[in-house]
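Colleague: I would like to learn how to read a helix and a strand in a model. Could we go through some cases together?

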Amino acid sequence: MAPVLRVLAAAILVASPAYAQIQIPPESPRQSASDISFDVVSVKADPARSRSEAGPPTLTMHPSGRFTAMNVSVRQLILSAYSLRASQVAGGPDWMDSQLFDILAQAPDDFEVGQTKKMMRRLLEQRFGLVVERATKIASVFSLEWINRSKAPGRWLRRPTAPCDRPPADPPEDLVGPLGGRGATAAREQRERDTDPECPWFLGFGSNRPLAPGEAQWFHVRRLPMSSIVPSLDAMVGGHVVDNTGLTGLWDVDLKWEQDSLSAANGVETRYGSIFTAVREQLGLKLEPTKSNVEMLVIERLERPSEN
């Protein structure tokens with residue numbers, strides 16, 4: 001069987017559980033057929049009554065042209081099809097989040113993988129009656145900036161080093177050393193002796209279960225550009241994050257923080273602090289509230305599909 005195309009769709013990750021499996025190729029800037037669409041499409045409402053019962057959502061475009069979307073909401077489809085983040089979609093009925101769907105489709109023989117998102121948009125128009133309007137509005141955002149002019153990355157923001165690690169990620173204390181410490185532990189020394197000819201990217205959370213009082217959440221990234229990392233911060237800070245760091249290339253990131261409300265309610269002393277403190281002390285960056293123009297997708301019409 002041909003390997004599945006594995007390409008990051010960070011916008012979906014923000015709106016989906018941390019264990020969502022998104023494998024949709026990026027849109028090609030050069031597209032020959034403007035009206036290309038899937039030849040065969042099956043849309044069925046998922047019988048699961050809740051996300052926990054349905055399992056993780058998956059969106060996959062196979063090299064053969066077979067497209068599968070299982071346990072997905074319409075919002076997740078829209079975010080992926082339009083390459084948007086959750087904070088950039090406005091309007092729509094409540095069921096676009098609560099109702100889950102299973103979708104099977106087949107692309108035409110002459111399709112190109114870069115046309116996947118265009119075919120997804122066409123599917124949404126044909127089967128869900130989606131009508132949207134693009135708009136720009138001035139909105140409250142968080143600007144991700146350096147904490148000082150030296151632009152020195154914090155200890156847990158660093159360039160990828162060889163050999164690379166694979167999921168599940170090793171804690172940053174083992175890879176690069178604890179905050180305020182001098183160096184890594186013996187676990188890192190062992191990795192320096194290992195070799196890995198392939199270094200795939202990955203990102204995720206240390207735990208998908210509810211956190212206990214005082215327990216730290218851990219977000220880790222390996223070998224991704226900031227453009228793919230920053231959208232994941234949206235859900236963590238509760239707002240749209242704009243990257244003003246100027247960082248280019250690939251990065252490894254580790255973030256550990258505690259939920260303020262959970263820790264305060266239980267009188268638990270925190271080790272890492274809030275997400276804002278963690279970004280500052282661990283990455284050498286800061287999240288500054290400000291106003292900025294944000295591209296929005298306004299949903300004007302959306303209908304429940306008829307099953308086939």
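Modeller: Begin just after helix H10, where Gly284 has a positive phi of about 75 degrees. Keep in mind that this is a predicted model.

Colleague: Which residues of helix H10 are buried?

Modeller: In H10, residues 275-283, the buried ones are Ile275, Ala278, Val279, Gln282 and Leu283.

Colleague: Why do the buried residues of H10 line one face of the helix?

Modeller: The general idea comes first. An α-helix has 3.6 residues a turn, so residues three or four places apart point the same way. In this structure, the buried residues of H10 fall within an arc of 100 degrees when seen down the axis, so they line one face.

Colleague: Now a strand residue. Is Ile138 buried or exposed?

Modeller: Exposed means over 50% relative accessible area. Ile138, which lies in strand E7, has 63% and is therefore exposed.

Colleague: Which residues is Ile138 in contact with, leaving aside its neighbours within four places in sequence?

Modeller: Those are Lys291, Ser292 and Asn293. As for Val294, its C-alpha is 6.2 Å from that of Ile138, though the two residues are 156 apart in sequence.

Key
Residues are numbered from 1 along each chain as its sequence is written. This is a predicted model: local features need pLDDT of at least 70, side-chain atom pairs count only at pLDDT 80 or more; totals for chains, interfaces and linings use all residues. Side-chain values use heavy atoms; hydrogens and water are left out. Buried means under 20% relative accessible area, exposed over 50%, partly exposed in between (1.4 Å probe, protein chains only). Helices (H or I, at least four residues) and strands (E, at least two) are DSSP runs, numbered from the N terminus. The arc is that of the directions from the helix axis to the C-beta atoms. Contact means heavy atoms within 4.5 Å.
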